[in-house]
There are 2 protein chains.
Amino acid sequence: MQKILIKNVLLAGSVKDILIAGNTVSRIGSDLNTDSAEIINGSGLAALPALYNMHTHTAMSLFRGYADDMALMPWLQEKIWPQESKLTEEDVYQGTRFGILEMIKAGTVLANDMYWHWKGEARAAQEMGIRFINGFTLIDFHDEARLPELKKDIQQQYEDSSQYGELVEFSLAPHAVYTVSEKTLRWAAEFASEKQLKLHIHVSETEQEVIDCLRKTGLTPLQYLDKIGFLGNNVIAAHMVWLDDKDFDIVKKHNLTVAHCPVSNMKLSSGIFKYSEFLKRGIPVCVATDGPSSNNNLDLFEEMKFAAILPKISMMNPELAAAENILQTTTLNPAKALGLAAGEVKEGNLADIILVDLDNINLIPNHNLSSNLVYSAHADCVHTTICNGKILMHNRRIKGEQEIIAGFRKTIEKLRKA
Amino acid sequence: MQKILIKNVLLAGSVKDILIAGNTVSRIGSDLNTDSAEIINGSGLAALPALYNMHTHTAMSLFRGYADDMALMPWLQEKIWPQESKLTEEDVYQGTRFGILEMIKAGTVLANDMYWHWKGEARAAQEMGIRFINGFTLIDFHDEARLPELKKDIQQQYEDSSQYGELVEFSLAPHAVYTVSEKTLRWAAEFASEKQLKLHIHVSETEQEVIDCLRKTGLTPLQYLDKIGFLGNNVIAAHMVWLDDKDFDIVKKHNLTVAHCPVSNMKLSSGIFKYSEFLKRGIPVCVATDGPSSNNNLDLFEEMKFAAILPKISMMNPELAAAENILQTTTLNPAKALGLAAGEVKEGNLADIILVDLDNINLIPNHNLSSNLVYSAHADCVHTTICNGKILMHNRRIKGEQEIIAGFRKTIEKLRKA
């Protein structure tokens with residue numbers, strides 16, 4: 001079994017050694033030794049749980065900076081969707097590989113994704129070595145006749161999905177209530193239940209989405225999804241901006257996982273997530289980046305800063321969303337939501353660990369590491385990224401980085417000419 | 001005269017050579033050559049105007065992460081002011097040097113500062129080589145009897161100030177209307193007018209400040225400052241959150257310089273700056289970081305992202321505050337406000353230039369460089385920082401960096417024991 005020994009690293013305020021055996025944190029102590037381990041010198045570094053990004057569209061790295069300063073619907077309809085219709089599986093592979101490169105550099109080792117060309121994404125994720133919940137996107141624009149073809153594609157893809165290794169997980173991602181028919185939503189929920197898959201969906205991102213759903217069904221998107229039997233504790237609901245009291249009750253009833261994307265919501269003027277309501281009701285929140293073309297990066301450190309200070313200004317309460325609490329939104333909260341023994345660096349947990357550089361200028365002085373990580377740091381404070389016991393980045397170097405960037409740039413050039 | 005030739009750098013979309021002679025951009029063209037110049041290979045880099053930070057308290061790097069998630073007044077009164085009372089000139093020198101190190105790494109070459117121990121700051125700024133408008137802070141807590149001593153200190157300091165080189169500028173920084181008496185404010189304005197100094201002041205940062213001023217004087221802070229003859233085009237007013245229509249007229253009448261600090265205003269729940277009102281009235285805004293203990297960094301790239309997306313969400317208009325416009329808030333707007341031939345890379349302008357690394361992951365793909373800089377990049381995209389024709393950072397290396405960090409850490413240890 002492969003072993004890694006991290007020597008003399010700062011962990012929760014004390015200098016410790018951490019022994020990783022296989023994919024697990026096997027021992028934490030002082031003066032640990034083992035013959036056969038790869039040694040990492042942890043002096044000047046601090047160990048923390050690696051970050052989990054619970055809502056993104058990784059391959060949209062292809063469209064970073066392609067269109068900004070626009071509203072959600074024209075941005076999608078006039079700019080993004082026409083571009084996406086041109087993408088091949090290879091393009092998505094290149095975009096996903098590059099997006100995961102950015103994530104690894106930012107200490108992120110899990111992405112809950114929703115995008116097109118499932119295989120392109122799966123191949124990239126397997127190569128890059130992060131945990132990847134690969135959502136097969138369903139959109140039928142309320143044309144139920146499209147369901148049989150969707151079903152066929154999904155069944156085929158589901159059967160092939162095991163070949164991408166243990167870290168790539170097949171899930172279903174019906175886009176939203178305004179793009180997917182009831183029949184398709186119902187089928188997706190049944191298939192997910194039968195195969196024990198996660199369901200990933202945009203919910204109540206904009207006020208218009210809620211108004212349209214109310215007009216059509218008399219119900220909010222969440223109440224409608226509840227009524228048609230879509231909801232369960234396998235559902236990861238992204239955005240969740242425009243919720244009413246009944247909606248909050250539904251979140252609790254089904255133990256939904258909530259992915260909050262403050263930057264995207266601000267940039268697209270979608271609305272202000274009611275962070276204090278979630279706190280008040282004891283509903284854990286996961287902070288996520290959304291795609292890199294509505295953000296426009298995949299840096300959860302920056303995202304946490306927005307998540308921490310948006311509630312402060314929106315509720316005029318600077319004590320809300322303190323740094324310690326916010327750090328859990330990308331570590332412990334998503335790990336618990338996914339049922340993973342992770343989110344904390346402790347014996348028996350999965351070895352999903354980052355080492356941050358205490359000599360990074362944003363982490364000096366070290367009065368309070370949590371505060372520095374949330375309010376001061378960016379991705380570049382991450383020195384080493386470990387996922388499932390494997391070192392994906394060390395001293396900010398990632399194997400094959402130049403080739404990944406070159407391939408991505410070639411894809412961009414090709415798309416420009418298309 | 002010292003010359004620098006930047007070869008084959010991307011400038012406004014084309015590959016150019018830039019010749020710097022002394023402190024000035026002397027020529028921009030193709031295939032420039034000169035015998036005696038230091039050559040910088042600009043391939044893979046883009047040249048941009050260096051950033052100017054129009055409101056900060058640089059030495060508060062000492063207190064980064066020291067106290068967070070608190071309201072402004074208890075934060076100041078219970079945490080910051082007691083710590084500040086212990087600081088020596090040497091402590092402030094160390095804090096300022098370190099803060100400027102962070103700024104240079106983030107492409108910032110001008111700070112409009114307000115802090116204590118003028119000489120400590122001036123010495124640090126001169127050594128580090130950035131433009132530093134060094135505000136001598138005035139606080140008398142409405143005890144006019146303190147004025148004679150303040151006057152004496154200021155006059156002495158003003159006389160000695162020329163010894164810190166051409167880039168360190170003496171200015172007066174009366175803290176705010178709630179901490180400085182009318183008599184002292186009037187004297188400061190007179191002294192500033194006589195010596196042609198800038199005046200740097202916090203104005204209408206919180207609603208409470210406005211309410212208190214209305215109770216006491218019947219006027220808003222800005223209207224009160226207008227009435228007592230404090231205002232002129234030498235005034236840099238920081239925060240400016242809670243303005244009414246009359247206040248906006250005053251801003252225009254006196255051509256005040258406005259320093260907007262979105263992160264600090266959000267983090268401390270001070271209020272939402274009316275960006276769209278400034279736009280509507282054609283008043284240029286300068287975006288600034290505030291001090292590194294209320295932010296908690298000095299990264300104007302991150303600050304611009306907040307400045308760009310806070311108006312979008314607060315006005316529910318995603319087209320507001322577009323990237324191109326926001327980039328000017330840290331370049332052209334402050335340069336114009338200060339009367340400096342700067343803020344654009346062009347012949348005849350001061351050589352305040354940054355080179356950003358187009359291979360930085362956040363600048364790939366390069367669909368739109370302005371968008372990437374505002375929405376995707378962080379400080380670490382800056383490869384080279386040039387101020388007044390001198391290279392302060394090249395390939396992210398700054399002369400003496402290790403010694404500066406070591407000195408800063410020693411100061412932190414000393415303060416912890418104090």
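Predicted model: local features only at pLDDT ≥ 70, side-chain atom pairs only at ≥ 80, totals over all residues.
User: How do you know through which surface the copies meet?

Analyst: Of the interface residues of chain A, 100% are also interface residues in chain B, so the copies meet through the same surface. Contact means heavy atoms within 4.5 Å, and by that rule 62 residues from chain A and 62 residues from chain B take part.

User: What area do chain A and chain B bury between them, and what makes it up?

Analyst: Chain A and chain B bury about 5,000 Å² between them, with 62% of it on carbon and sulfur atoms. In chain A, the residues that lose the most area to chain B are Asp69(A), Ile361(A) and His367(A), together 14% of what that side buries. Buried area here is the accessible area (1.4 Å probe) that two parts lose on being put together, summed over both.

User: Why is the pair Asp359(B) and Arg409(A) called a salt bridge?

Analyst: The term requires a side-chain nitrogen of Lys or Arg within 4 Å of a carboxyl oxygen of Asp or Glu. In Asp359(B) and Arg409(A) the closest N and O atoms are 2.9 Å apart, so the pair qualifies. The rule finds six salt bridges across the interface of chain A and chain B.

User: How many residue pairs are in polar contact between chain A and chain B, and what makes a polar contact?

Analyst: The count is 46 residue pairs, both residues at pLDDT 80 or more. A polar contact is a pair of N or O atoms within 3.5 Å; within protein, one must be able to donate a hydrogen and the other to accept it, and residues adjacent in sequence count only if both atoms are side-chain atoms.

User: Which domains is chain A divided into, and how do you know their bounds?

Analyst: Domain 1 is 3-49 + 352-401 and domain 2 is 51-338. The bounds come from an automatic or database domain assignment. Taken over C-alpha atoms, the centres of the two domains of chain A are separated by 29 Å.

User: What joins domain 1 of chain A to domain 2 of chain A?

Analyst: In contact are 22 residues of domain 1 of chain A and 27 residues of domain 2 of chain A. The two domains bury about 2,100 Å² between them, 65% of it on carbon and sulfur atoms. Two salt bridges cross this interface. There are also 11 residue pairs in polar contact between the domains, both residues at pLDDT 80 or more.

User: Why does the pair Asp352(A) and Arg131(A) count as a salt bridge?

Analyst: The N to O distance between the side chains of Asp352(A) and Arg131(A) is 2.6 Å, so the pair passes the rule.

User: What does the salt bridge of Asp17(A) and Lys7(A) tie together?

Analyst: The side chains of Asp17(A) and Lys7(A) meet at 2.8 Å, N to O. Asp17(A) lies in strand β2 (residues 14-21) and Lys7(A) in strand β1 (residues 3-11) of chain A, so the pair ties together parts that are 10 residues apart in sequence. Strands (E, at least two residues) and helices (H or I, at least four) are DSSP runs, numbered from the N terminus. Over all chains, the structure holds 45 salt bridges.

Definitions and conventions. Residues numbered from 1 in each chain as written. Chains lettered and ligands numbered in written order. Heavy atoms only, no water.
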